[in-house]
Amino acid sequence: QVQLMESGGGLVQTGGSLSLSCTASGSGFRLIAMGWYRQAHGQQRELVATLNAGGGTNYADFAKGRFTISGDYDRNTRYLQMNNLTPEDTALYYCNARYYIGFSHYDSWGQGTQVTVSS
């Protein structure tokens, strides 16, 4: 019921920056949290950062001090600013939204955007 439109990603050099954005759209939903997870080749998907409806943030250790998640609550849009990127950040980055429709909760995932950091 909720669709996620992601933008951003691309190829940058080590030390560079990228900004990701994600907008949730649909009908009758109430967001619990939105953020990003990433999946490197051959690895499990892992948390990058989330922003909950109350404004609380959750960052993976590797993201702390380098990545910042922010939100435009009126537009159900979230932004992830990624600075000082390293090759270890190379992965598919998936926007995620957790939300209620009525009394049921759901997850939606974006299509993923590739972040590649060259050395």
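# Close-up views of a predicted structure

**Figure 1. Asn84 lies in the loop between S8 and strand S9 (91-101).** Strands are DSSP runs of E with at least two residues, helices are DSSP runs of H or I with at least four residues, and both are numbered from the N terminus. The model is a predicted one, in which local features need pLDDT of at least 70 and side-chain atom pairs count only at pLDDT 80 or more, while totals for chains, interfaces and linings use all residues. Residues are numbered from 1 along each chain as its sequence is written, and side-chain values use heavy atoms, with hydrogens and water left out. Asn84 has a positive phi of about 50°, although this residue is not a glycine. Its relative accessibility of 46% makes Asn84 partly exposed; the classes are buried (under 20% relative accessible area), exposed (over 50%) and partly exposed in between, with a 1.4 Å probe and protein chains only.

**Figure 2. Asn76 occupies the loop between strand S7 (67-72) and S8.** Asn76 is not a glycine, yet its phi is positive, near 50°. With a relative accessibility of 21%, Asn76 is classed as partly exposed.

**Figure 3. The protein as a whole contains eleven strands and zero helices.** Along the sequence the pattern reads β-β-β-β-β-β-β-β-β-β-β. The radius of gyration is 14 Å, close to the 14 Å that the globule rule gives for 119 residues, so the protein is as compact as a globular protein of that length. This radius is taken over C-alpha atoms, and the globule rule is 2.2 Å times the number of residues to the power 0.38. Along the principal axes, the C-alpha atoms fill a box of roughly 45 × 25 × 20 Å. Of the 119 residues, 39% are buried. Among contacts (heavy atoms within 4.5 Å) with a separation of 6 or more, 55% join residues 24 or more positions apart.

**Figure 4. Four strands form an open sheet in the order S1-S3-S8-S7, with antiparallel pairing.** S1 and S7 stand at the edges with a single partner strand each, so one side of each is left without a neighbour in the sheet. From one strand to the next the twist averages 15°, where axes are lines fitted to C-alpha atoms (for helices over the stretch in contact) and angles run from 0 to 180 degrees between N-to-C directions. Two strands count as paired if DSSP finds at least two bridges between them. In general, strands of a sheet pair through backbone hydrogen bonds, either parallel or antiparallel.

**Figure 5. Bridges connect the neighbouring strands of this sheet.** Strand S1 (residues 3-7) and strand S3 (residues 18-25) run antiparallel and are joined by five bridges. Ser7 stands opposite Ser21 in S3. S3 also pairs with strand S8 (residues 77-82) in the antiparallel sense, over six bridges; here Gln81 of S8 is the bridge partner of Ser19. Six bridges likewise link S7 and S8, again antiparallel, and Asp72 stands opposite Thr77 in S8.

**Figure 6. The largest nonpolar core has 27 residues.** Such a core is a set of buried Ala, Val, Leu, Ile, Met, Phe, Trp, Tyr and Cys residues joined through side-chain atoms within 4.5 Å. Leu4, Met34, Trp36, Phe67, Leu80, Met82 and Tyr93 touch the most other members. Two or more residues come from each of S3, strand S4 (29-39), S5, S7, S8, S9 and strand S11 (113-118). S9 gives the most, with five residues. Beyond four places away in sequence, Met82 touches Gly16, Ser17, Leu18, Leu20, Arg66, Phe67, Tyr93 and Val115.

**Figure 7. Thr50 in strand S5 (residues 46-52) is in contact with Asn58, which is found in strand S6 (residues 57-59).** Thr50 is buried, with a relative accessible area of 6%, whereas Asn58 is partly exposed at 40%. When residues up to four places away in sequence are not counted, Thr50 touches Met34, Gly35, Tyr37, Gly56, Thr57, Asn58, Ile69 and Arg98. Asn58 and Val48 are ten residues apart along the chain, and 8.2 Å separates their C-alpha atoms.
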